[in-house]
Amino acid sequence: MYRSVPFRVLLLAGAVAATACSKPAVPDHDDMPEPKASNPAPAAQPTQLREAMQRPIDKVEAAQAATAAAEKQRDDAIDAATGQ
């Protein structure tokens with residue numbers, strides 16, 4: 001009788017473990033939940049850190065705009081020279 005008790009405990013523990021490892025239930029609909037926040041977050045106020053981080057980005061954007069303008073001028077000059 002004493003030998004069957006540990007066996008039953010192990011069997012019960014295995015059954016509990018197998019039940020705990022089952023897949024979660026799949027929802028029966030594909031609708032997205034409605035957002036709970038009614039108002040969007042207010043825009044952050046500029047700070048020294050934010051301005052310091054934005055400065056190199058603005059510099060790169062200005063350089064890209066200047067490069068694009070120079071490319072357009074070059075392409076227009078090539079088109080004028082070739083008669084196209």
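What is the accessible surface of the protein chain, and what percentage of it belongs to carbon and sulfur atoms? The accessible surface comes to about 8600 Å², and 63% of that belongs to carbon and sulfur atoms. Areas were computed by the Shrake-Rupley method with a 1.4 Å probe; for residues, only the protein chains shown count as cover.

The model is predicted: local features need pLDDT of at least 70, side-chain atom pairs count only at pLDDT 80 or more, and totals for chains, interfaces and linings use all residues. Residues are numbered from 1 along each chain as its sequence is written, and side-chain values use heavy atoms, with hydrogens and water left out.

The protein chain holds two helices and zero strands. These are DSSP runs numbered from the N terminus (helices: H or I, at least four residues; strands: E, at least two). The radius of gyration, taken over C-alpha atoms, is 34 Å. A compact globule of 84 residues would have a value near 12 Å, by the rule of 2.2 Å times the number of residues to the power 0.38. The C-alpha trace spans about 105 × 40 × 30 Å along its principal axes.

Of the 84 residues, 0% count as buried. Buried means under 20% relative accessible area, exposed over 50%, and partly exposed in between (1.4 Å probe, protein chains only). Helix 1 reaches 24 Å from its first C-alpha to its last, close to the 24 Å expected. The expected span is 1.5 Å times one less than the number of residues.

Charged side chains number 9 positive and 11 negative. Lys and Arg count as positive, Asp and Glu as negative; His and the chain ends are not counted. The centres of the two sets lie 18 Å apart, with charges placed at NZ of Lys, CZ of Arg, CG of Asp or CD of Glu.

Two salt bridges were found in the whole structure (a side-chain nitrogen of Lys or Arg within 4 Å of a carboxyl oxygen of Asp or Glu). Lys72 pairs with Asp76 at 3.3 Å, N to O. Both lie in helix 2 (residues 48–82), four residues apart, so about one helical turn separates Lys72 and Asp76. Lys72 is exposed at 52%; Asp76 is partly exposed at 40%. Arg74 bridges to Asp75, with the closest N and O atoms 3.2 Å apart. Arg74 is partly exposed at 47%, as is Asp75 at 36%.
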